[in-house]
Amino acid sequence: ADVNANDGATMPRLTKIYTRTGDDGTTGLGGGQRVAKDARRIETFGTVDELNAQLGVALAAGLEATLAAELTRVQNELFHLGSDLCVLETDKSPRPVPRIEEKHVRALETAMDRMTEPLGPLTNFILPGGSVGAAHLHVARTVCRRAERLAVSLAREEAIGSFVIPYLNRLSDALFVMARWENRHRGVEDVTWNSRL
């Protein structure tokens, strides 16, 4: 892929989708290094990509407008997160790239606070489900938790951006709140755990 400059960051310009360079089981990082396609770093940002796709499914199912706007922002932030993970920390000084920052974590906290207030407190554990949109958001939440686990494991092996793990942690919490919000706005009760079954 060719690259061009955009606001000081290197952005891809895709002229051809297939390159044949990955046929040997390796893929390229943002800094040009070739690594195995099953390397933990690749697995981590591949799972972030899976999460983004799951959010796309939720949005395509039709979500309440406020929620849809929030998730559109989150989808863009997940591209920042992919960029953050795709470039090694040692390569970020000479090569500025979009990354996850504290402001992204704070935005998730603000959105959660705003949505939680009208929902009221939880009185029981909630099972995934309810409306179609909420069910998709619960799936996204579990994919987000997997991405978080992989990021924690990656961080034990090599340096990653300092806000990657906090962002994924807040996002999984936010997706839980968003699923409740979607159910409420669709007039669908959350599905609660029956511990007596």
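**Helix packing and selected residues**

User: Which residues does serine 172 touch, not counting residues up to four places away in sequence?
Analyst: The model is predicted. Serine 172 is part of helix H6, which covers residues 164–186. Its relative accessible area is 1%, under the 20% cut-off, and serine 172 is therefore buried. Leaving out residues up to four places away in sequence, serine 172 touches Arg141, Cys144, Arg145 and Glu148.

User: What pattern of helices and strands does the chain follow along the sequence?
Analyst: The chain has six helices and six strands. Read along the sequence, they follow the pattern β-β-β-β-α-α-α-α-β-α-α-β.

User: What share of contacts in the chain between residues at least 6 apart in sequence joins residues at least 24 apart?
Analyst: The chain has 197 residues, of which 39% count as buried. Among contacts between residues at least 6 apart in sequence, the share that joins residues at least 24 apart is 70%.

User: How far apart are the end C-alpha atoms of helix H1?
Analyst: Helix H1 runs over residues 40–61, a count of 22 residues. At 1.5 Å a residue, the helix should span 32 Å. The model agrees with this expectation, since the end C-alpha atoms are 32 Å apart.

User: Which residue follows H1, and what is its phi?
Analyst: The residue after H1 has a positive phi. The residue is glycine 62, with phi near 95°.

User: Is glutamine 54 buried or exposed?
Analyst: Glutamine 54 lies in helix H1. Not counting residues up to four places away in sequence, glutamine 54 touches His136, Val139 and Ala140. Its relative accessible area is 16%, which is under 20%, so glutamine 54 is buried.

User: How far is valine 57 from glycine 133 in space, C-alpha to C-alpha?
Analyst: Valine 57 is also found in helix H1. At 38% relative accessibility, valine 57 lies between the 20% and 50% cut-offs and so counts as partly exposed. Valine 57 and glycine 133 are 76 residues apart in sequence, and their C-alpha to C-alpha distance in space is 8.7 Å.

User: Why is H1 described as roughly antiparallel to H2?
Analyst: Two packed helices are described by the angle between their axes and the distance between the axes. The axes of H1 and helix H2 (residues 65–86) come within 10 Å and cross at roughly 165°. Because angles over 145 degrees count as such, H1 is roughly antiparallel to H2.

User: How do the residues of the contact of H1 with H2 divide by class?
Analyst: H1 passes H2 in a left-handed crossing. Residues of H1 in this contact include Phe45, Val48, Leu51 and Leu55, while those of H2 include Leu71, Val74, Leu78 and Leu85. By class, the residues of the contact of H1 with H2 divide into 13 nonpolar, six polar and two charged.

User: Are H2 and H4 roughly parallel or roughly antiparallel to each other?
Analyst: Helix H4 covers residues 102–119, and the axes of H2 and H4 come within 12 Å and cross at roughly 160°. This angle is over 145 degrees, and H2 and H4 are therefore roughly antiparallel.

User: How many nonpolar, polar and charged residues has the contact of H2 with H4?
Analyst: In this contact, Leu67, Glu70, Arg73, Val74, Glu77 and His80 in H2 meet His104, Ala107, Leu108, Ala111, Arg114 and Met115 in H4. By class, the contact of H2 with H4 has six nonpolar, two polar and four charged residues.

Key. Residues are numbered from 1 along each chain as its sequence is written. This is a predicted model: local features need pLDDT of at least 70, side-chain atom pairs count only at pLDDT 80 or more; totals for chains, interfaces and linings use all residues. Side-chain values use heavy atoms; hydrogens and water are left out. Helices (H or I, at least four residues) and strands (E, at least two) are DSSP runs, numbered from the N terminus. Buried means under 20% relative accessible area, exposed over 50%, partly exposed in between (1.4 Å probe, protein chains only). Contact means heavy atoms within 4.5 Å. The expected span of a helix is 1.5 Å times one less than its number of residues. Axes are lines fitted to C-alpha atoms, for helices over the stretch in contact, and angles run from 0 to 180 degrees between N-to-C directions. Angles under 35 degrees count as roughly parallel, over 145 as roughly antiparallel, 65 to 115 as roughly perpendicular and the rest as oblique. A crossing is left-handed if the near helix is turned anticlockwise from the far one by less than a right angle, and right-handed if clockwise. Ala, Val, Leu, Ile, Met, Phe, Trp, Tyr, Cys and Pro count as nonpolar, Asp, Glu, Lys and Arg as charged, and the others, Gly among them, as polar.
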